[in-house]
Amino acid sequence: MADASAPPDPLPGPAYPAEVRPSGPRPDVAWRPVGAAVLVLGVLLTATSTRYGYHRDELYFRMLEPGWGYVDQPPLTPWLARTFAELFGDTLLVMRIPATLAHLAAIVVIALVARELGGRGGAQALAAWGYGTAAIPVAFGHTLLTSSLDLVMWPAVLLCVIRAVQRDPRWWLAAGLVTGVALYNKLLVVALLGGILVGLVVGWPWRMLRRSAAPDRWPLATPWPWAGAVVALLVGLPNLVFQATNGWPQLAMGAALGENNAADVRSEMWLFQLLTLGVPLTLVWLVGLVWLWRRRPLLRFLVVAYPVLLAFTYVAGSQTYYATGLLSVLFAAGCVPIVDWAGTAWRRAVVVTVALNAAICLVISLPLVPVAVLGSTPVADINSSAQDAVGWPEYVRQVADVYVALPAEDRDRTVVLTQNYGEAGAVDRYGPELGLPAVYSGHNELWEYGPPPASSTVALVLTEAPGAWDSRFEECAVRGRLDNGVGVDNEEQGVSILECRGPADGWDALWPELRHLD
């Protein structure tokens with residue numbers, strides 16, 4: 001006799017046996033604790049969004065011209081940065097709105113994952129508050145980065161897949177739709193799909209289902225996931241066409257990142273798994289791993305997908321955070337058994353743990369430490385985003401001081417040449433009000449915008465290697481060094497300001513030499 005408490009199969013076909021199917025209907029959404037987390041984090045992120053300054057990536061997004069893609073990224077995040085600036089004003093507060101909204105949406109998605117796994121109000125509250133105040137999610141919610149959008153898109157894909165596998169295969173179409181949109185942010189969502197695919201092959205509970213479910217109940221043996229793949233392909237097609245017609249620049253960019261970052265990524269990625277949500281919450285997602293394997297056999301693919309993504313992160317060697325979206329879903333899974341098992345006293349301990357983790361993570365991930373003392377604290381060394389948000393107006397003023405000191409007849413034929421897109425973006429943002437000329441850089445997409453005009457025979461060059469420019473110009477001299485004035489040892493601190501004259505063999509000959517991807 002069928003179990004009356006189990007939800008009916010959404011489509012015709014044999015039912016899963018009781019030991020693997022979801023037990024009963026989904027709980028109600030706990031809107032009060034989840035909404036409270038969204039409200040508090042929204043206020044906190046907005047209130048701190050203008051402390052410190054622009055991140056180097058945000059300054060770069062401002063400079064990118066509209067397009068279907070760039071050599072280092074698809075178009076979505078730069079498009080959001082420009083669109084919000086055009087609609088609401090070109091300010092730091094406005095720049096951070098998309099990141100804040102992405103973080104708040106991710107809080108809701110993570111809570112819904114806990115609900116999908118049977119988590120009632122307590123589990124959803126733990127998922128929302130634990131994730132919402134965790135280290136990496138808060139850091140990416142504070143600053144507009146491409147990874148800011150990944151932290152909502154990847155869990156959203158996984159939520160749709162979980163629903164498709166457990167309850168209604170038509171959710172594969174929704175998973176495909178979200179995947180197609182995610183392709184406009186990063187092609188890396190394909191790695192997540194690869195992890196899911198391997199997980200469904202390796203982790204599917206074949207033995208449990210062999211006697212009680214027909215073979216066509218394996219998700220990949222039905223048309224729905226393939227229909228979802230078609231949806232993803234159709235939605236993401238313009239972005240894929242851009243990549244294909246431009247020689248797949250994302251592959252070249254990934255290779256460049258791997259060449260520059262692999263050694264650090266491969267040594268740091270293991271510790272990063274513990275620090276992603278904060279060390280006190282590590283036990284929660286580890287419990288989620290074990291619980292999914294033992295109690296949710298249909299979702300074992302999530303457990304298998306995690307080491308697959310770790311292996312991809314190790315081999316690619318590009319960035320440490322590629323598994324974060326999946327790890328957040330494992331955290332949501334762990335919230336369900338922890339709340340179910342915990343008595344009153346233990347639940348209080350869980351609340352204290354989340355509060356302690358939040359206090360530590362917020363200090364590290366948000367600009368709460370006064371900038372004047374930031375350089376003397378461990379925060380600047382732990383949170384590279386904090387380093388990258390300090391000193392830009394000061395640096396540009398120092399370049400402007402060198403420019404003003406030039407002979408008047410030289411200023412009209414002067415340009416600024418920077419070593420990276422952060423410096424170029426800072427000069428583009430703050431330079432006009434100080435009278436600085438146009439800025440150029442050979443870094444990533446900015447190289448594509450071309451060299452300075454032939455009439456520009458003087459360049460103020462920002463560089464860490466002054467001696468490398470002696471052969472590129474007829475003469476170069478150091479006129480100053482960048483100093484943020486607060487002792488934060490970021491990438492620009494101590495960079496030389498050169499006054500260089502007469503580009504050797506002209507800009508057209510020099511420009512190819514200045515191109516670099518990283």
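**Labels and their grounds**

Tutor: Helix α7, which spans residues 135-142, is mostly covered, since eight of its eight residues are buried. Keep in mind throughout that this is a predicted model.

Student: Which residues of α7 are buried?
Tutor: The buried residues in α7 are A135, I136, P137, V138, A139, F140, G141 and H142, and the label buried is given to a relative accessible area under 20%.

Student: What makes α1 and α6 roughly parallel?
Tutor: Helix α1 (residues 31-48) and helix α6 (residues 121-132) pack with their axes 8 Å apart and at an angle of about 15 degrees. Angles under 35 degrees count as roughly parallel, and therefore α1 is called roughly parallel to α6. The crossing of these two helices, α1 and α6, is right-handed.

Student: Which residues make the contact of α1 with α6?
Tutor: On the α1 side they are P33, V34, A36, A37, V40 and L41, and these meet G121, Q124, A125, A128, W129 and G132 of α6. By class, the residues of this contact of α1 with α6 divide into nine nonpolar, three polar and no charged.

Student: Why are α1 and α5 called roughly antiparallel?
Tutor: The angle at which α1 packs with helix α5 (residues 97-116) is about 160 degrees, and their axes are 10 Å apart. An angle over 145 degrees counts as roughly antiparallel, and so α1 and α5 receive that label. The crossing of α1 and α5 is right-handed. From α1 the contact takes W31, V34, A37, V38, L41, G42, L45 and T46, while α5 contributes T100, H103, L104, I107, V108 and A111. Sorted by class, the contact of α1 with α5 has 10 nonpolar, four polar and no charged residues.

Student: How do you know that C476 and C500 form a disulfide?
Tutor: The sulfur atoms of C476 and C500 are 2.2 Å apart, and a pair of cysteine sulfur atoms within 2.5 Å is counted as a disulfide. The count by this rule comes to one disulfide.

Student: Where in the chain do C476 and C500 lie?
Tutor: C476 is in strand β4 (residues 473-481) and C500 is in strand β5 (residues 496-503), so that the pair, 24 residues apart, links distant parts of the chain.

Student: Why is the disulfide of C476 and C500 called right-handed?
Tutor: The torsion about its S-S bond is about 120 degrees, and the disulfide of C476 and C500 is therefore right-handed.

Student: Are C476 and C500 buried or partly exposed?
Tutor: C476 has a relative accessible area of 22% and is partly exposed, whereas C500, at 0% relative accessibility, counts as buried. The boundary between these two labels is 20%.

Student: How does N444 compare, and where is N444 found?
Tutor: N444 has a positive phi of about 50 degrees although it is not a glycine, and N444 is found in the loop between β2 (439-441) and α24 (445-448). N444 counts as buried because its relative accessibility is 2%.

Student: Why does F473 count as buried?
Tutor: F473, which is found in strand β4, has a relative accessibility of 3% and therefore counts as buried. Leaving aside residues up to four places away in sequence, F473 touches A459, C500, R501, G502, P503, A504, W507 and L510.

Terms used. Residues are numbered from 1 along each chain as its sequence is written. This is a predicted model: local features need pLDDT of at least 70, side-chain atom pairs count only at pLDDT 80 or more; totals for chains, interfaces and linings use all residues. Side-chain values use heavy atoms; hydrogens and water are left out. Axes are lines fitted to C-alpha atoms, for helices over the stretch in contact, and angles run from 0 to 180 degrees between N-to-C directions. Helices (H or I, at least four residues) and strands (E, at least two) are DSSP runs, numbered from the N terminus. Angles under 35 degrees count as roughly parallel, over 145 as roughly antiparallel, 65 to 115 as roughly perpendicular and the rest as oblique. A crossing is left-handed if the near helix is turned anticlockwise from the far one by less than a right angle, and right-handed if clockwise. Contact means heavy atoms within 4.5 Å. Ala, Val, Leu, Ile, Met, Phe, Trp, Tyr, Cys and Pro count as nonpolar, Asp, Glu, Lys and Arg as charged, and the others, Gly among them, as polar. Buried means under 20% relative accessible area, exposed over 50%, partly exposed in between (1.4 Å probe, protein chains only).
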